[in-house]
Amino acid sequence: MVSDIVACVGCGQRNRIRPIATGTPVCGKCRKPLPWITVADDVTFAGIVEQSPLPVVVDLWAAWCMPCRMVGPALEQVARDLAGRVKLVKVDVDRAPVLSRRFAVQAVPTLLVMKGGEVEARQSGAAPAAVLRRWVEQALSL
């Protein structure tokens, strides 16, 4: 399985993180929690999202969508801010038609907060990082 490379927020060390793991990723150098950011598609979604040990923020986006491109960095900031507490998974709806239908995506970006494979919260449209963080924290009561 392919690993993602993520820089530690604390020391800057680059770490390999597997999209599917049993624990919470930590930096190999300073042992601080790492932001867990990865991608999924129709085939890998169940293992990456539904079996995640952490709550998951799912970004259902499209490459042609300008608001999606704007919200992407904001979501990555939220993942860094909440490192060790959430996992961010990006799903390109054009490459994941089964998931698009399953979650009845009618507008992109569509954001989900999932815990234990269940949708806890849902919203459509872009928002700044601070607003997204409050939404995630409220959905998970962090």
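This is a predicted model: local features need pLDDT of at least 70, side-chain atom pairs count only at pLDDT 80 or more; totals for chains, interfaces and linings use all residues.

Me: In what order do the elements of the protein run from the N terminus on?
Reply: Helices (H or I, at least four residues) and strands (E, at least two) are DSSP runs, numbered from the N terminus. The protein has 4 helices and 7 strands. Their order is β-β-β-α-β-α-β-α-β-β-α.

Me: Why does the protein count as being as compact as a globular protein of that length?
Reply: The radius of gyration is taken over C-alpha atoms, and the globule rule is 2.2 Å times the number of residues to the power 0.38. For 142 residues the rule gives 14 Å, so the protein is as compact as a globular protein of that length, its own radius of gyration being close to that value at 14 Å.

Me: Which residues touch the most other members of the largest nonpolar core?
Reply: A nonpolar core is a set of buried Ala, Val, Leu, Ile, Met, Phe, Trp, Tyr and Cys residues joined through side-chain atoms within 4.5 Å. Buried means under 20% relative accessible area, exposed over 50%, and partly exposed in between (1.4 Å probe, protein chains only). In this core of 20 residues, the members with the most such neighbours are Phe45, Val49, Val58, Leu60, Val91 and Phe103. At least two residues each come from helix H1 (45-50), strand S4 (56-61), strand S5 (87-92) and strand S6 (110-115).

Me: What does leucine 60 touch beyond four places in sequence?
Reply: Contact means heavy atoms within 4.5 Å. With residues up to four places away not counted, the partners of leucine 60 are Val91, Val93, Phe103, Val105, Val108, Pro109, Thr110 and Leu112.

Me: How many disulfides does the count come to?
Reply: A disulfide is a pair of cysteine sulfur atoms within 2.5 Å. For cysteine 8 the closest cysteine sulfur is in cysteine 30 at 3.5 Å, which is too far for a bond. The sulfur of cysteine 11 has its closest cysteine sulfur in cysteine 27, at 3.6 Å, again too far for a bond. The count is 0 disulfides.

Me: Is cysteine 8 buried or exposed?
Reply: The relative accessible area of cysteine 8 is 5%. Cysteine 11, by contrast, has 34% and counts as partly exposed. Cysteine 8 is buried.

Me: Which residue lies over the face of tryptophan 36?
Reply: A charge sits over a ring if NZ of Lys or CZ of Arg is within 6 Å of the ring centre and within 35 degrees of the ring normal. At 4.0 Å from the ring centre of tryptophan 36, the residue is lysine 87.

Me: Which residues is arginine 95 in contact with, leaving aside neighbours within four places in sequence?
Reply: Arginine 95 sits in the loop between S5 and helix H3 (97-102), and it is exposed at 69% relative accessibility. Its C-alpha atom is 6.9 Å from that of aspartate 41, 54 residues apart along the chain. The contacts of arginine 95 are Asp41 and Asp42.

Definitions and conventions. Residues are numbered from 1 along each chain as its sequence is written. Side-chain values use heavy atoms; hydrogens and water are left out.
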